[in-house]
Amino acid sequence: MKLIMLGPPGVGKGTQAQQLSKEFGIPQISTGDILRDAIQKKTVLGEKANTFMSKGELVPDEVMLGIIQETLFSEHAPEGYILDGFPRTIAQAEGLQNLFEEHNDALNAVLSLEADENQIVRRLSSRRTCRNCNALYNLLTMPPKIEGKCDLCSGNLYQRDDDRIETIQNRLRVYKQQTEPLIGFYKSLGVLKSINASGAPEEVQKNIKRQLED
Ligand code: AP5
């Protein structure tokens, strides 16, 4: 199964992708996690990416397509994967389609998660992430059992730099301008599934499963 999670920042793509990954036994490939890992390790990619990410801007398409080509087509993921955070521009989506054609491969579905903007801002400003295993928490809706510690691995929880309110607003603007057009792109390919993502995580998961069974 090859899936794409599409939707604005904070709508719950990572939360749902982690759950689907466990259920289907396929990896979640989060380009945001790959870039944050590179920033933490202070690699050349990390330093380049940080100049864009800290402002809520997108990392250039050629950099992202290079990462995806290496991750999807040189690693062996026979059962498929869940792409979380890629593609984010029409150029990235076209690049991905070209890669699929070259490899005689295809997507199963693009899950387009939808929720209103106030809800999104609330979710992002109270998010915490595990430094060690990237598990996601929310101080309002999914708090950890022990403050500041991951329930799964006891790693330290941190707040992402780009979850400051000014950066959130810019990320939402960038989403509308550059990523939202992908909804039409994938609709025209006949693979788009619209998901109501405004309920609790378990409810959203049910909506996704229902759509995948259709
Ligand atoms: P990335 O890491 O992909 O961030 P994003 O798309 O902005 O999405 P988020 O991770 O912020 O949110 P999410 O939808 O995954 O929500 P989550 O599940 O965490 O990208 C970061 C940056 O990297 C970009 O700005 C860009 O600079 C760069 N980048 C990455 N990919 C790129 C690409 N392809 N091209 C160019 N640049 C790229 O949930 C959010 C919070 O809400 C959590 O606290 C969670 O616990 C809570 N929550 C989730 N679901 C629910 C629910 N149903 N009810 C209540 N709370 C919920």
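I count a residue as buried when its relative accessible area is under 20%, as exposed when over 50%, and as partly exposed in between (1.4 Å probe, protein chains only). With that settled, I looked up the total: buried residues make up 48% of the 214 residues in the chain.

A note on what I am reading. This is a predicted model, where local features need pLDDT of at least 70, side-chain atom pairs count only at pLDDT 80 or more, and totals for chains, interfaces and linings use all residues. Residues are numbered from 1 along each chain as its sequence is written, and side-chain values use heavy atoms, with hydrogens and water left out.

**Overall fold**

I found 9 helices and 8 strands in the chain; these are DSSP runs numbered from the N terminus (helices H or I, at least four residues; strands E, at least two). The radius of gyration is 16 Å, close to the 17 Å that the globule rule gives for 214 residues, so the chain is as compact as a globular protein of that length. For that I used C-alpha atoms and the rule of 2.2 Å times the number of residues to the power 0.38. The C-alpha trace spans about 45 × 40 × 35 Å along its principal axes.

Next I checked contacts, meaning heavy atoms within 4.5 Å. Of those between residues at least 6 apart in sequence, 70% join residues at least 24 apart.

**The cores**

I then went inside, taking a nonpolar core as a set of buried Ala, Val, Leu, Ile, Met, Phe, Trp, Tyr and Cys residues joined through side-chain atoms within 4.5 Å. The largest has 27 residues, and Leu 83, Leu 96, Val 110 and Tyr 186 touch the most other members. Elements giving two or more residues to this core include strand 1 (2-6), helix 5 (90-102) and helix 8 (182-188). Helix 4 gives the largest share, 6 residues.

Beyond its neighbours within four places in sequence, Leu 96 is in contact with Ile 4, Leu 65, Ile 68, Leu 72, Leu 83, Phe 86, Pro 87 and Tyr 186. A second, separate core has 19 residues, among them Met 5, Ala 17, Leu 20 and Ile 120.

**A stop at Ala 115**

Where does Ala 115 sit? I found it in the loop between strand 4 (109-114) and helix 6 (117-125). Ala 115 is partly exposed, at a relative accessible area of 21%. Not counting residues up to four places away in sequence, Ala 115 touches Val 11, Ile 120, Ala 197 and Ser 198. I also looked up Gly 10: Ala 115 and Gly 10 are 105 residues apart in sequence and 9.3 Å apart in space, C-alpha to C-alpha.
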